[in-house]
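Have the structure open while you read.

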Amino acid sequence: ISACGIGFRGGRYGAQLKENGYQGESYSGIQTQSIESNNGGGGGGMVSTSTSSCCIGGGGGGGGHSVAGKTPTTKNYGGVKAAKGGSAYGTSLLTENVFMGSGGGGGARDQDCCALPGGGGSGGGIIIIFSPTITGSGGKIVSCGARGQDAGHNLFATGGQQGGGGGGAGGSVLLVTGPLGVFADGDISVDVTGGVGGKETDPAYAASGGEGAAGRYTWHQLPNHEPSKQGPLSLN
């Protein structure tokens, strides 16, 4: 079962010359062009403020969820400020609200033609399972954040100093079973990791995207769990 990359959307990259990237989406709404986090959404990459003929594109911040997303490393060139990683939100037991993972911020574009910066990765979605038992050998329940897009992704274009997109945050997995109901007959794994940041086109100047945060996973065992005549779930 997979809900990877279907949560809140990653931020758009700066498509025009010398354009900043957009924030990743989160529970608070859509993206704007800002290095600040959009609550859980990673901030968009910033173009340098250098007055010389050269400028560089910063990477997008990683999406946040169970913890804050990672802030990308800047190369301290031309006044670039690092995009901020998205903030943490939600509760660990998933008993009040269940959220999707937030998107990473989009990368910024420098003044050169051809190569484009990377867009932010989308967050993981929501998986909720009510079942007396969950069985299966080698089964997987996955809600990972998507990887940030690499700069220079368009038609293998190269050149310039374009920022990579931030990784999306992992989503939420909530399992509710009987007292002995989960992983009864095999090895089942749950994965809510965040996506890695996308690569930049020029490591000497431009910045890669920040890594997305991990999501949330909770298993509740109820002593008298009878979920509406639903039978056992098999992941074989």
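Start with a pair of residues: Ser172 stands opposite Arg216, which sits in β6. Bear in mind that this is a predicted model.

That pair belongs to a bigger bit of pairing. Strand β4 covers residues 172–177, and β4 and β6 run parallel to each other over six bridges. Zoom out, and you get an open sheet of three strands, ordered β1-β4-β6, with parallel pairing. Which strands sit at the edges? They're β1 (126–130) and β6 (216–221), each of which pairs on one side only. Going from one strand to the next, the twist averages 5°. As a reminder, strands of a sheet pair through backbone hydrogen bonds, in either a parallel or an antiparallel way.

Asn39 isn't a glycine, yet its phi is positive, at about 55°. Leu94 is another non-glycine residue with a positive phi, this one near 55°. As for where they are, Asn39 lies in the segment before β1, and Leu94 is found in the segment before β1 too.

Are these two buried or exposed? Asn39 counts as partly exposed because its relative accessibility is 34%, which falls between the 20% and 50% cut-offs. Leu94 has a relative accessibility of 6%, so Leu94 counts as buried, the limit for that being under 20%.

Here they are side by side:

| Residue | Phi | Relative accessibility |
|---|---|---|
| Asn39 | about 55° | 34%, partly exposed |
| Leu94 | near 55° | 6%, buried |

Key
Residues are numbered from 1 along each chain as its sequence is written. This is a predicted model: local features need pLDDT of at least 70, side-chain atom pairs count only at pLDDT 80 or more; totals for chains, interfaces and linings use all residues. Side-chain values use heavy atoms; hydrogens and water are left out. Two strands pair if DSSP finds at least two bridges between them. Helices (H or I, at least four residues) and strands (E, at least two) are DSSP runs, numbered from the N terminus. Axes are lines fitted to C-alpha atoms, for helices over the stretch in contact, and angles run from 0 to 180 degrees between N-to-C directions. Buried means under 20% relative accessible area, exposed over 50%, partly exposed in between (1.4 Å probe, protein chains only).
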